[in-house]
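Please read the points below with the sequence and the model open side by side. They are meant for checking residue by residue.

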Amino acid sequence: MFKTMIIRIGKANDNDYVVTDPYVSRHHARLTRDTNSYLLLEDLDSANGTYVNGSQIVRKRITPTDTVKLGNSFVLSISEVLKSGNDYSEEFAALKEVYDKYIEQKIKIQSSNQFKTRLFQALPFALPGVIGVTVGFMGKGSSAFLGISLLIAICAPAAGIYLGARQSAKIPRQLQDLADQFKIDYVCPKCGTFLGEIPWESLINKKHCPVTSCKAKWVNE
């Protein structure tokens, strides 16, 4: 659950986000994110006004994609303002889908390949029996039919073992490719440190990145 976050914006050093622009007031605006993650921008009686998408505002709900201008020309990046408190909770929340998808794909690769491997290994052993029944049903005991049946009985199992082994050999490569991509995607949204295969639900209990030089907030409390 997010708590209310208030970021003060202006030219004075006591602001949370300091803007060095001659047309920005000392205490120009305030950005609030409530418990529902809605963003509210308020002008604090600034000398040159606050504008959202070209229109001057006093108080307006906004999104990170809106164009916000302070004073005559300073364009305010809402994404940068939100990061001023080292808050990466929204980006961290998106990692849950990354982890869940990784586990799903990993299980899928393992189960799919195991099924194919067993099929390749078991099916050839059933072929001689099927052919034997067919020959008997047709009532033809010719040496040609018997020779073919014997050949299949000898070769089919060997072929099945070979194909099964080839299928099994694909599993490590597929899992490695999946793991390589996971190492790129499942990282701290600020410093890029790989988070290992620790479940997202366990990481969220840490509340922030353990890297001393980062300490990005994963949970906005």
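1. Basis. This is a predicted model, in which local features need pLDDT of at least 70 and side-chain atom pairs count only at pLDDT 80 or more, while totals for chains, interfaces and linings use all residues. Residues are numbered from 1 along each chain as its sequence is written, and side-chain values use heavy atoms, with hydrogens and water left out.

2. Overall make-up. The protein has 5 helices and 9 strands, where helices (H or I, at least four residues) and strands (E, at least two) are DSSP runs numbered from the N terminus. Read from the N terminus, the order is β-β-β-β-β-β-β-β-β-α-α-α-α-α.

3. Burial and surface. Of the 221 residues, 33% count as buried. Buried means under 20% relative accessible area, exposed means over 50%, and partly exposed is in between (1.4 Å probe, protein chains only). The protein exposes about 13400 Å², and carbon and sulfur atoms supply 58% of that area. The areas come from the Shrake-Rupley method with a 1.4 Å probe; for residues, only the protein chains shown count as cover.

4. Contacts along the chain. Among contacts with a separation of 6 or more, 47% are between residues 24 or more positions apart. Contact here means heavy atoms within 4.5 Å.

5. Aromatic pairs. A pair of aromatic rings is described by the distance of the centres and the angle of the planes. Rings of Phe, Tyr and Trp (its six-membered ring) pair if their centres lie within 6.5 Å; planes under 30 degrees apart are stacked, over 60 edge-to-face, and the rest tilted. The count is 7 aromatic pairs. In one of them, the ring centres of Tyr99 and Tyr186 are 5.5 Å apart with planes at 35 degrees, so this pair is tilted. Tyr99 is in helix 3 (residues 95–138) and Tyr186 in the loop between helix 4 (143–185) and helix 5 (200–203), so the pair ties together parts 87 residues apart in sequence. Tyr99 and Tyr186 are both buried.

6. A stacked pair. Tyr102 and Phe182 are stacked, at 3.8 Å centre to centre and 10 degrees between the planes. Tyr102 belongs to helix 3 and Phe182 to helix 4, and the two are 80 residues apart, so the pair links distant parts of the chain. Tyr102 is buried at a relative accessible area of 5%, and Phe182 is buried at 4%. Ring pairs join Tyr99, Tyr102, Phe182, Tyr186 and Phe194 into a cluster.

7. Charges over rings. The charged end of Arg61 sits over the ring of Tyr38, 4.1 Å from the ring centre. Lys69 lies over the face of Tyr51 at 5.3 Å from the ring centre. The rule asks for NZ of Lys or CZ of Arg within 6 Å of the ring centre and within 35 degrees of the ring normal.

8. Glu42 is in strand 4 (residues 39–43) and Arg59 in strand 7 (residues 59–62), so the bridge ties together parts 17 residues apart in sequence.

9. Salt bridges of Lys96. Lys96 and Asp100 meet in a salt bridge at 2.9 Å, N to O. Both residues are in helix 3, and being 4 residues apart they are separated by about one helical turn. Lys96 is partly exposed at a relative accessible area of 31%, and Asp100 is partly exposed at 34%. Lys96 also bridges to Glu201, with the closest N and O atoms 3.7 Å apart. Glu201 lies in helix 5 and Lys96 in helix 3, so this bridge ties together parts 105 residues apart in sequence. Glu201 is partly exposed, with a relative accessible area of 39%. Elsewhere, salt bridges with shared partners join Arg30, Glu42 and Arg59 into one network.

10. A loop residue. Asn53 is in the loop between strand 5 (50–52) and strand 6 (55–57). Asn53 is partly exposed, at 46% relative accessibility. What does Asn53 contact, leaving aside its neighbours within four places in sequence? The contacts of Asn53 are then with Asp66 and Thr67. The C-alpha atoms of Asn53 and Thr67 are separated by 4.9 Å, with the two residues 14 apart along the chain.

Key: A salt bridge is a side-chain nitrogen of Lys or Arg within 4 Å of a carboxyl oxygen of Asp or Glu.
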